[in-house]
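Hi everyone, thanks for coming.

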Amino acid sequence: MKAGDGMNIIERIIAQKSGRAFVKPGDELSAEVDLVIAHDVTGPMAVTQFEKIGTDRVFDREKVVFVVDHNIPASSVESRRNQRLLRKFAEKVGIRLYDKGEGVIHQVVAEKGLYKRGDLIVGADSHTCTAGAFGAIAIPVGSTELAAAMALGTIDIEVPETYLIRVEGRLKPGVYAKDLILYIIGRFGTGYFTDKAVILSGDAIMGLTDEEKMTVSNMTIEMGAMIGYIDQGDAVGDVKEIHTIDADKIEPLAACPYSPGNVKPLREVEGRPITQIVIGSCTNGRYSDMKIAADVLKNKKVCDSVNLVIVPASKTVLDKMEEEGLTKVLRDAGAIIGNPGCGPCFGAHQGLLSEDDVALSTTNRNFPGRMGHKQAEIYLVSPRTAAESAVTGYITRPGTVAELEG
């Protein structure tokens, strides 16, 4: 199917997967899935539901993948039981399980080359939309829906309305992909695109690296989108609405407590003393993010009043950090480097916050209690902002501690 058939790119992919010549918003249909993913929090519930179906076979052993990432190493006896459950199930049905500190599910699956253009992916995690960076339609589902997809290889969906956001021009020095997506969320809020499909395009989007595109697609769920899709150069087709953003107007930003939609220019919160910083997660735990932080922190020291936690998104990222000397730079600066995984983002372990903590984080959510005590303040920022603020001990604009390039 191609442009001119009355469908946009999202609808064309759904039509192909459902075996239909034409689909439109509101159509309810069953579509074939290309990949089913879950982790150690949602996976055990999916396994329990799967076993209730009464089958001991998944629809395709190569297309069901589990990753242990949220509580690795196990943060409780119960979390270890869940990990053991996934191991036994994976061995029983013959599916892939990454459970030895390989990293965050969305990063690991991407590194394994399992996100493919034009695929339909379902995952029992809200940030499954990360796969949209690679031209896949990625839909987050609950554990019961995931169990059905594991057994049948299909998902029942309602075709969403599609919106196009074009970001034209060039980002200014000191402004990163994280600032770009925070700007979009701040402009539209956390509910404008609820249950909709969003296509992100334009010069600024198309010029991003794959890692940067993953940062952008990862947070489309924070504005309610059912599908977040990065333009792959295909004809987009007709959409419900088109919104255009001038990249040159975007400045360093922070999502302030207690919502990813509470976005303010960094200059308005600059100077706020902080006590902890987290650089990592499926949003900003990639090598390029670590390189940004290391370049700032080289030959510098983390402020005595700040706890800097670094959590690489995968073992592959950590290996490259070690090969390139980044881990030494960061440790010498005073950072704590954790094992690959979700780390404190999920709020289970490895750096939780107390009621009087003020934290900067490169993660994707800052809801009350997200990373510990519900009274702790969390500001979502770019890795560059996080690294510079680690040196000063307060929220600091990029270019203050280290000179900006460009």
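Let's start with helix α3, where S79, Q83, L86, F89, A90 and V93 are buried. Those residues cover an arc of only 125° around the axis, so they sit on the same side of α3. Please keep in mind that this is a predicted model.

What covers that buried side? The cover includes β2 (35-39), α2 (43-53), β3 (64-67), β4 (96-98) and α5 (143-152). Now turn to the face pointing away from the buried side: there you'll find the exposed residues V77, R81, K88, E91 and K92.

How does the length of α3 work out? The helix runs over residues 77-93, and at 1.5 Å a residue its 17 residues should span 24 Å; the end C-alpha atoms are 25 Å apart, which agrees. Just after α3 comes G94, with a positive phi of about 80°.

On to the interior. In soluble globular proteins, nonpolar side chains tend to be buried together. Here, the largest nonpolar core has 59 residues, and Y115, I165, V167, L180, I184 and V216 have the most contacts inside it. Helix α6 (residues 177-188) gives this core its largest share, seven residues. If you click on I184, you can see it touching I165, V167, L200, M223 and I245, sequence neighbours up to four places away not counted.

One last stop: S389, in helix α14 (residues 383-392). Is S389 buried or exposed? At 0% relative accessibility, S389 counts as buried. Beyond its neighbours within four places in sequence, S389 is in contact with I274, I277, L360, Y394, I395 and T396.

Conventions. Residues are numbered from 1 along each chain as its sequence is written. This is a predicted model: local features need pLDDT of at least 70, side-chain atom pairs count only at pLDDT 80 or more; totals for chains, interfaces and linings use all residues. Side-chain values use heavy atoms; hydrogens and water are left out. Helices (H or I, at least four residues) and strands (E, at least two) are DSSP runs, numbered from the N terminus. Buried means under 20% relative accessible area, exposed over 50%, partly exposed in between (1.4 Å probe, protein chains only). Contact means heavy atoms within 4.5 Å. The expected span of a helix is 1.5 Å times one less than its number of residues. The arc is that of the directions from the helix axis to the C-beta atoms. A nonpolar core is a set of buried Ala, Val, Leu, Ile, Met, Phe, Trp, Tyr and Cys residues joined through side-chain atoms within 4.5 Å.
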